[in-house]
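Please read the sequence and the three-dimensional structure side by side.

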Amino acid sequence: MKPMMTDRDDLRFDAGTVLTGKWHGHRYQIVRRLGSGAQGMVYLARACERKVAVKMAKDRASLISEVNVLKKLETLRGEPLGPSLFDSDDWIVNGRTIGFCAMEYLEGTPLQEALKRTSFDWTVVYLVQLLKHLQRLHETGHVFGDLKPENLMLMNPGHSVRFLDFGGATRIGRSVREYTVFFDRGYWGLGTRKAEPGYDLFACGMIMIYAALGHRFEKKGQGEGQLLQVIRTLPRLAPYQAVLAKALKGRYVSADQMRRDLLNHIMEKQEAPAACGKRSRSRANAGGGWLGAWVTASCIMTAYVLFVIVYVM
Amino acid sequence: MHKGTLKQILLITDGCSNQGEDPVAVAALAREQGITVNVIGVLDRFDSEDGRGLQEVEGIAAAGGGISQIVQTRQLSQTVQMVTKQAMTQTIKGVINRELQDILGESETVEDLPPEKRGKVMEVVDELGETMDLDVCILVDTSASMKAKLPTVREALQDLSMSLSARMGNNQFCLYLFPGKRKQAQKVTAWTSDIGNVERTFEKIGTHGVTPTGPALKEAVKSFSQLSKKNLLFHDEAYDDGPR
């Protein structure tokens with residue numbers, strides 16, 4: 001959400017500034033800015049030789065709700081879904097009270113950048129991972145809400161996706177706290193803003209469309225028809241048309257269901273190189289030996305991607 | 001259990017009032033009657049005249065205990081629903097602060113609690129914001145300069161209706177346009193739980209030159225007493241049906 005703010009709450013601080021928590025007394029020295037948004041600022045900071053991410057909020061209510069969710073996730077076993085929470089406190093500076101929390105600093109590539117750099121085959125892999133995490137999150141009784149590439153991080157070793165920003169996380173059954181129009185099913189006229197698993201799954205579908213197209217776009221007229229048209233016309237999305245249409249129309253009841261369906265479609269896609277071979281045959285008349293190389297390359301690529309999927313799972 | 005109702009006026013305008021009483025004063029009156037006044041200023045250019053508009057927008061919201069936000073036309077939808085929700089949270093927090101004053105002490109508020117306790121209070125605030133009933137009287141400026149922006153306003157109101165209907169509590173809306181044909185503000189939709197069908201009302205309106213923001217706000221405040229009369233009526237009926 002980025003409406004223009006009349007900027008009363010400036011949260012810019014220089015590197016070297018030291019924050020001291022009012023309640024817990026921990027000290028954090030700002031190293032550099034990691035990011036900023038409508039909700040606040042995130043800094044990389046040092047606390048006792050440890051790198052942490054310090055998030056300062058313009059609206060403390062939103063920060064507190066994020067902290068509440070992070071605390072609940074701490075109790076989950078297994079692979080962490082997001083950053084772990086170290087501290088939540090207030091910092092009093094120049095008579096102002098700024099709420100902040102200190103979280104694990106996730107070292108990696110924001111998915112936003114990763115999607116631009118890697119091939120579309122990888123997008124599908126990230127999505128399969130994302131759906132696995134969403135299933136676990138939904139089981140805790142929350143939806144993620146503001147699901148978009150900016151709120152996801154690709155961890156450096158291992159290429160695994162982690163959630164970055166839980167500001168939009170909402171208890172199932174309530175109204176979604178935060179959203180971004182492009183990824184919001186309400187905007188596209190394809191459902192309500194009630195927090196239910198299908199809300200996040202719609203956003204997953206939109207992430208895929210966004211990755212295939214490379215940019216966002218605005219609604220023109222009737223949303224559903226427009227989105228289905230986009231899915232039909234993008235060749236990269238062709239193998240996943242059915243999955244996407246179901247996700248956008250809210251036909252999946254759980255992330256798990258969508259994940260299995262998506263995996264099935266990826267596996268079926270194996271046959272694609274053969275189909276490609278047929279098509280390139282007509283072109284191969286001129287090129288001669290190209291066909292063999294083409295098919296081999298395609299097979300190697302597919303095998304590699306499959307191997308990675310299996311490895312990551 | 002009845003948790004009470006939040007009352008809001010949402011004023012969507014693009015500039016300065018130039019007729020009737022001072023809108024800031026009327027907003028203060030509204031606040032006295034338990035109605036929060038939020039203002040959204042739809043400004044596309046920040047020229048000198050808009051500077052004055054900005055001041056008025058902020059003044060009305062401050063006096064009305066609400067939130068003001070200046071937006072470009074295209075960001076209207078998201079802003080309208082966000083401002084409405086934030087104002088709800090703000091009102092609930094204010095009530096909680098007053099209720100807890102015995103515990104918190106004179107000068108302290110919930111904001112001064114340690115983060116852990118504040119987190120728990122915020123969960124209650126969230127819960128109330130989700131389940132309390134909400135009445136919003138929407139007031140749209142249809143003076144000449146707003147004409148081109150009206151289709152976006154219509155979309156924003158539909159979006160607001162959708163956002164709020166995702167809540168568990170009940171919502172009621174009514175819609176006034178100002179200036180009206182004969183009166184200073186014209187009621188186009190009486191209190192209803194669905195403003196999804198405001199489309200037609202917007203097609204019929206002609207735009208005028210004057211901007212009687214103050215008188216229009218007054219009409220909006222009055223609309224809440226009509227609503228409470230209506231509720232009272234329902235209440236009486238329920239009473240009559242009861243055992244004697």
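Predicted model: local features only at pLDDT ≥ 70, side-chain atom pairs only at ≥ 80, totals over all residues.

Residues are numbered from 1 along each chain as its sequence is written, chains are lettered from A and ligands numbered from 1 in the order in which they are written, and side-chain values use heavy atoms, with hydrogens and water left out.

Chain A contains nine helices and eleven strands; helices (H or I, at least four residues) and strands (E, at least two) are DSSP runs, numbered from the N terminus. Chain A has 313 residues, of which 51% count as buried. Buried means under 20% relative accessible area, exposed over 50%, and partly exposed in between, with a 1.4 Å probe and protein chains only. Among contacts (heavy atoms within 4.5 Å) in chain A between residues at least 6 apart in sequence, 58% join residues at least 24 apart.

Strand β6 of chain A (residues 96-104) pairs with two other strands, β4 and β5. Two strands pair if DSSP finds at least two bridges between them. With β4 (residues 50-57) of chain A the pairing is antiparallel over five bridges, and A:Ala53 has A:Met103 as its bridge partner. With β5 (residues 85-93) of chain A it is antiparallel over eight bridges, and A:Asp87 stands opposite A:Ala102. Strands β5 and β6 of chain A form a hairpin with two residues between them, and A:Asn94 in the turn has a positive phi of about 50°.

Most residues other than glycine have a negative phi, and most peptide bonds are trans. In the loop between β3 (40-47) and β4 of chain A, A:Cys48 has a positive phi near 50°. A:Glu49 lies in that loop as well, with a positive phi near 65°. Both count as exposed, A:Cys48 at 79% relative accessible area and A:Glu49 at 72% relative accessibility. In chain B, a cis peptide bond joins B:Phe178 and B:Pro179, with omega about 0°; B:Pro179 is placed in the loop between β5 (171-178) and β6 (186-192) of that chain.

Not counting residues up to four places away in sequence, it touches A:Val69, A:Lys72, A:Leu137, A:Thr170, A:Arg171 and A:Ile172.

The structure holds 15 aromatic pairs over all chains. Rings of Phe, Tyr and Trp (its six-membered ring) pair if their centres lie within 6.5 Å; planes under 30 degrees apart count as stacked, over 60 as edge-to-face and the rest as tilted. A:Phe307 and A:Tyr311 form a stacked pair, 6.3 Å centre to centre with 20° between the planes. Both lie in helix α9 (residues 290-312) of chain A, four residues apart, about one turn of the helix, and both are exposed.
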